[in-house]
Amino acid sequence: MLCQAHWNAIHRELESLTGTLHDGLEPVLKQPDRMEPAVEQLLPGLCFVAKDCSQHRHSTHRHVLGTAQQEGYYIRFTDRAGNLLATVGEELPDLPVRKVTELWQTLQDPQGHRYHQISLLLKTSNGNPWGYLQVGRSLQEFDLFLANTRLALLLGLPTTLLFVSGASWWLAGLAMRPVYDSYQKIQQFTADAAHELRTPLAVTRAIVESVLEMEIVSEVEARKTLRTIQRQNNRLAQLVQDLLLLSRIDVQGKPSPLTRCCLNVLIKDVADEFEALAIAADLTLIPEIRVRETLWVLGDEEQLYRVVANLASNAIQYTPPKGKITIRLDRNDHHALIQVQDTGIGIAPQEQKRIFDRFYRVNSDRSRATGGSGLGLAIAMAIAQSHQGSIQVQSQLGRGSTFVVKLPAE
Ligand code: ADP
């Protein structure tokens, strides 16, 4: 398309030049096959055949038809039989001269340079055929353009294709990454959930099978078996309940119904509920309300209770005897801050990011012994986030941990 436009421009240029020459020359041509001196006035630099034209060629005199005297252009006059009569042009190409009847021609000199030429029959002032006017120009510039375009296409096309394929591959990867990540998370979650569900089921089955193999089962043994089954059943029920709660929060995104919850009361209730457990573990549990006014948040009271209860329960589980647990309520600008602080075993820095992952336990064996499934903090975080809040942890190994729940206050 670009080459065609270039070619058309060459045509138009030659056509307009030849047209102007034709109109200017015909009135001064008197006799067929004979060059009139008047033509020389119109075209300075005109060189008659068999004359030395070197002065003309280097003449600085320019005519209105200056284009024809530029480098790469030539004008030739031939008689009706095709014999050269005169020429105009600085470096005349070595091109064959003959009678040409077709309008357009592309010629080639011995060096292989191409020229595009237009030939027009000139008539004398009284309308008889005079001879031919041939105007041509070098195609060197056009050929160079053509070669460069070809090269650009040849190199550019594969490069562009390579670039486009690379970019598409990269973009597709980028777009797929979140999908891939969530797919992996779902897979991990399903595997973990299946694993957690399988454990109590396997325990129950093993116990039932061993009791069934006995010929006589005493009442004591039967009760012991039933209690184990009950414990495993409770564990299963708790796990299923936790999973359902998580999926409900995932689906709903935000709590419903929304009610006004008084955090001062909530903290007191949690402290009351866990006091006995703390005393049994030889721990001191202190509720610390640091706000004078009552702090309200908008949300699901039961879920918010669950957040603080989970943190308090963890604090008790992971704090050795004689330790201290503080449940603190504070306010910071527009946020309510609940801090659950313990003097327990602490969490290593590299684990602190992961403890909120579903089913993640820092020390699997020890945490399992405490009865946790690794869902407690994941549930607490999901609840806090669905209330436009967050949970952060600060902890030092052997020193204790502080979990800070931040919720938008009313
Ligand atoms: P779990 O049901 O096992 O307690 P959580 O999600 O509540 O699961 O906690 C994840 C892990 O984070 C626990 O296994 C425990 O190792 C660690 N963790 C949670 N709270 C504390 C704490 N107060 N002190 C030390 N470690 C804790």
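Is the crossing of H7 and H10 left-handed or right-handed? The views below, taken from a predicted model, begin with that helix pair.

**View 1. Helix H7 against helix H10.** The crossing of these two helices is left-handed. The axes of H7 and H10 (residues 376-386) come within 9 Å. They cross at roughly 145 degrees. From H7, the contacts are made by Gln303, Leu304, Arg306, Val307, Asn310, Leu311 and Asn314. Their partners in H10 are Gly376, Leu377, Ile379, Ala380, Ile383 and Ser386.

**View 2. Helix H6 against helix H7.** H6 spans residues 263-280, and H7 spans residues 301-317. Their axes cross at roughly 35 degrees and come within 10 Å. Here the crossing is right-handed. H6 contributes Leu266, Ile267, Asp269, Val270, Glu273, Phe274, Leu277 and Ala278. H7 meets them with Glu301, Leu304, Tyr305, Val308, Ala309, Ala312, Ser313 and Ile316.

**View 3. His22 in helix H1.** His22 belongs to H1, which covers residues 2-25. His22 counts as buried because its relative accessibility is 19%, and the cut-off for buried is under 20%. Leaving aside residues up to four places away in sequence, His22 touches Leu120, Leu121, Leu122 and Leu133.

**View 4. A nonpolar surface patch.** Val49, Leu84 and Val97 form this patch of about 200 Å². Leu84 sits in strand E3, residues 84-88. With 32% relative accessibility, Leu84 counts as partly exposed.

Conventions
Residues are numbered from 1 along each chain as its sequence is written. This is a predicted model: local features need pLDDT of at least 70, side-chain atom pairs count only at pLDDT 80 or more; totals for chains, interfaces and linings use all residues. Side-chain values use heavy atoms; hydrogens and water are left out. Patches are made of residues with over 30% relative accessible area and no salt bridge: like charges are joined within 9 Å, nonpolar side chains (Val, Leu, Ile, Met, Phe, Trp, Tyr) within 5 Å. Accessible areas come from the Shrake-Rupley method with a 1.4 Å probe; for residues, only the protein chains shown count as cover. A salt bridge is a side-chain nitrogen of Lys or Arg within 4 Å of a carboxyl oxygen of Asp or Glu. Helices (H or I, at least four residues) and strands (E, at least two) are DSSP runs, numbered from the N terminus. Buried means under 20% relative accessible area, exposed over 50%, partly exposed in between (1.4 Å probe, protein chains only). Axes are lines fitted to C-alpha atoms, for helices over the stretch in contact, and angles run from 0 to 180 degrees between N-to-C directions. A crossing is left-handed if the near helix is turned anticlockwise from the far one by less than a right angle, and right-handed if clockwise. Contact means heavy atoms within 4.5 Å.
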